[in-house]
Amino acid sequence: MKKILSLILTLAMVLGLLGGITCVAGAKDKEVKDILVIGINSNPQSLSMSDTKMQNEMLIGNALFDTLIYPADENGEFAPRLAASWEWEDGTHLIFHLRDDVYFHNGEKMTAEDVAFTVKTSCETLNNRSFFSAFDAENTEAIDETTVRIAFQYEFAPALAYLSSSRGGIICKSAYEEMGADAYNLAPVGTGQFKFVSWTQGDSIELERNDEYWNKDKIPSYSHIRYRIITENSVRAMEIEAGGIDMAYNISSNDFERLSANPNLMTIAEEGLSHQGFQLNSSVPELSDIRVREALCISLDTPSIVAAVYGQYGTAATGLFSNNVFAFDELGPYEYNPERAKELLAEAGYEDGFDITMSIADITNLVKMAEIAQQQWAQVGINLTINIMEQVAVTEQNATGQTRITTTDYTTSTADPGHALQIYRSTWNGALQLKDDYIDEMLDKGLQEFDTDKRAEIYKELQEYIWNYYTCIPLVFPKNMLVYSTDIENLVLPKSGYILDYSSFDIYA
């Protein structure tokens, strides 16, 4: 019997070599497709994880870069990746011992110098410096080629969660310095499962498999990825129906419902780590009065907005961030009370209402929510003009304090409340433009507390304070919605909503 089984296995291997068939563990022998095509909803700003903030950027970055460690499960445990082991030296210094067999896509060996350089660079870039504000760039150093000491400004409880996030992807020091930041962001050099090939702005991004990847068990079976930039939700839906793409992100709820019935497609709709809503810039004259901000909050019927835009694929937000994030506190939604909103506006000197502008990227579901808000605010005398702009333009306007109202589409990839609430920090380069010492103090306090119960108490107190500040209007906890071809097998979507391991699934012709 053993001889017969051996002959069968040998024959299968020979046929695979001759016929272009790849044997994949746990699956029948099938012909593996050469290219995976993914439809995304916007043109990224940067592909370097040292300067990124958008979900699409992290989705692509996870193919190009590796982190020191990665989340082993959803219970706060971590597993080795580029680092073989680690330990706390003291309260503000974390030692990582690196693998000695990792090479960047340009053939250069990864060393502790690259890790230290990544931390220092991320502390300075526009999009990462708030995320890395607890890190001490000056005192982070390479001890030797495979040992790095990462320093922190203070005792930093969620350090491992931050370093395991996509933003912790290790960049190549020599390539970054030689190319310059702008060029590197457009054509990065990482250690990941795929290598950068080309980027046609507004159209597509091409990657090829890294056959020299350090983890031989994690080399994907397919050899190329193409990310097609398709801004219209309906067009992405049509493309996946027609077979023009294999996987589609950010499909609208109406299209998702239809696609779920397609026998050639698979769908995932699961609770994640994201929240969406509106941000109010309390530093501008018309929003500086808390009564005006409260009026804006309570004149929106949150459940009706979510039902109209998301249907069963979103839940009306009951707090400042996803209920899957640690220490979440259920505080809302804000009670819908348009009559009280009119009274508050009159008390603030706006009995006849006022005009205001919302700056927003062209993301279908966010635009739909803005349009419904426009109608509901009009009923209390608030006349909203919606300016739809490129994401880059919105980001720049937010950073310079010009924005009055904008949308938020935020994924707390670390599942840590300090990360979720960082947009309220004084140093955050975003639309809120908050300068509140108490918020800063509580954020610092939460990050420095290692006791889980005490951390939860700090963040719950802070959430209540921010909720009653009326500077943000949480609207929805959207489900992670992904549509993909039945040719893809074994796909599992993490709560972050974007793929972490591109070898964890296969695609067949």
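Modeller: Axes here are lines fitted to C-alpha atoms, and angles between N-to-C directions run from 0 to 180 degrees. Please bear in mind that the model is predicted.

Colleague: How are H7 and H8 oriented to each other, roughly parallel or roughly antiparallel?

Modeller: Helix H7 (residues 233-242) packs on helix H8 (residues 253-260) at an angle of about 15°, the axes being 10 Å apart. Angles under 35 degrees count as roughly parallel. H7 and H8 are therefore roughly parallel.

Colleague: What is the handedness of the crossing of H10 and H12?

Modeller: Helix H10 (residues 302-309) and helix H12 (residues 364-378) pack at about 140°, with axes 10 Å apart. That angle makes H10 oblique to H12. The crossing of H10 and H12 is right-handed.

Colleague: Which residues lie nearest the centre of the second largest pocket?

Modeller: The second largest pocket has a volume of about 250 Å³. Its lining divides into six nonpolar, seven polar and two charged residues. Of the 15 residues that line this pocket, those nearest its centre are Ser42, Asn43, Thr231, Glu390 and Gln391.

Definitions and conventions. Residues numbered from 1 in each chain as written. Predicted model: local features only at pLDDT ≥ 70, side-chain atom pairs only at ≥ 80, totals over all residues. Heavy atoms only, no water. Helix = DSSP H or I, 4+ residues; strand = E, 2+ residues; numbered from the N terminus. Parallel < 35°, antiparallel > 145°, perpendicular 65-115°, else oblique. Left-handed = near helix turned anticlockwise from the far one by under 90°. 1 Å grid on protein atoms, 1.4 Å probe; cavity = no way out; pocket = protein on both sides within 12 Å on 5 of 7 lines; lining within 4 Å. Points joined across faces, edges and corners; volume = space filled by probe spheres on them. Nonpolar A, V, L, I, M, F, W, Y, C, P; charged D, E, K, R; others polar.
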